[in-house]
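Please work through the exercises below with the sequence and the model in view, and try each task before reading its solution.

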Amino acid sequence: MRDEPQVVQTGYRADDRVAIYEMLGAYAAAVDANDGDALAKLMNDTVHVTAPATGPVAALFAPDPVYDGKTPIDGPDYARAITRNMRHLSVTQHLITNPRITFTDEDGAYCTAYLRAIHFIGDPTEGIAYEVGGYYHLDLVRVLGDWRIAHWRLTVTWEFGNAQAVMAPPI
Amino acid sequence: MTAVNLRTEDRLRISQMLTDYATALDGGDATGLALVLAARLRKLGTASGSMAKAFARDPAYGGQTEIAGLDFASSLARNSRAMRVSHHQVGLASIGFSGEAAARCHVGIRAVLQGSDSDSWLEVGGHYDHDLVKESEYWRIAFWRLDLRWERPLLGR
């Protein structure tokens with residue numbers, strides 16, 4: 001069972017929902033632009049990370065070799081780790097759809113969304129592709145009016161293509 | 001980072017407009033497309049691979065020009081009707097407002113295409129990056145930008 005938070009519904013809150021949709025759109029744009037600074041602005045100061053523990057996709061989201069998965073890590077550092085692990089890719093596209101949001105309190109929310117992400121190395125019209133599909137499960141907090149990611153979880157349910165070929169070379 | 005300028009109703013209307021665009025495009029519906037385009041608009045389509053060649057052949061997509069909205073809608077619809085399959089999936093939009101009646105939106109797009117005279121399927125991906133204007137309560141595309149960044153054949157069908 002995932003470590004999902006206790007959910008308390010506190011009204012529809014259309015403005016907050018739209019702000020969270022915007023944050024998810026900005027997240028996808030930042031990752032695909034390989035813009036670690038833009039991605040860092042969407043992270044809480046500290047974040048928990050629950051990435052796929054096994055399989056080739058785990059390497060793309062490895063925050064730090066010593067991260068134990070239990071203690072929070074520096075959010076902006078994690079954002080830059082994501083873009084660093086994808087720096088060698090010629091094109092990525094993260095298509096996020098079907099967001100579902102429940103509010104846990106005035107400044108907290110839990111969001112799930114579908115993800116379809118394709119990663120290319122080399123010529124994206126002829127190159128090697130690796131694609132994954134799955135779900136984000138995000139704990140969000142509102143800080144100074146902005147919704148940010150406090151717990152980042154990714155569940156990958158399928159993958160397709162040549163994963164090893166698109167893995168980042170060692171730094 | 002400053003708080004997002006919400007303008008909830010405008011954002012919902014823009015998201016709906018993007019969905020309407022994709023639906024009209026896939027349906028080859030020129031009337032529906034014309035509803036989401038400004039009376040005159042600029043357009044800029046860029047791509048790589050086989051889609052770049054297709055853009056070069058078809059001025060409806062490629063290059064930067066100014067065009068009447070009705071003419072552009074007709075071209076898009078005609079091209080779509082020539083396909084056996086046209087299926088466009090749009091992601092969540094990132095929207096920035098630059099005035100009461102002006103905005104820019106960035107949204108990912110993936111499309112599955114099959115030509116009417118071909119058994120081959122192609123999937124393409126990239127993003128739209130449109131300038132929008134608000135006319136009455138309707139948001140319309142004033143500068144249509146499409147950047148297709150990847151493509152791949154779909155096998156095993």
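**Exercise 1.** Compare the span of α1(A) with its expected span, and then determine how covered the helix is.

*Solution.* Begin with the length: α1(A) has 19 residues and reaches 27 Å from its first C-alpha to its last, which is close to the 27 Å expected at 1.5 Å a residue, the expected span being 1.5 Å times one less than the number of residues. Helices here are DSSP runs of H or I with at least four residues, strands are runs of E with at least two, and both are numbered from the N terminus. Next, count the buried residues (20 or more other C-beta atoms, placed from the backbone, within 10 Å of their own C-beta): 17 of the 19 residues of α1(A) are buried, and the helix is thus mostly covered. Finally, look just after α1(A), where Asn34(A) takes a positive phi of about 55°.

The model is predicted, with local features needing pLDDT of at least 70 and side-chain atom pairs counting only at pLDDT 80 or more, while totals for chains, interfaces and linings use all residues. Residues are numbered from 1 along each chain as its sequence is written, and chains are lettered from A and ligands numbered from 1 in the order in which they are written.

**Exercise 2.** Which element gives the most to the side of chain A that touches chain B?

*Solution.* Taking contact as C-beta atoms, placed from the backbone, within 7 Å, 25 residues of chain A are in contact with 24 residues of chain B. On the chain A side, α1 (14-32), β3 (91-105) and β4 (108-121) give two or more residues, and α1(A) gives the most, with 11 residues.

Terms used. Contact = placed C-beta atoms within 7 Å. Buried ≥ 20, exposed ≤ 12 C-beta atoms within 10 Å, placed from the backbone.
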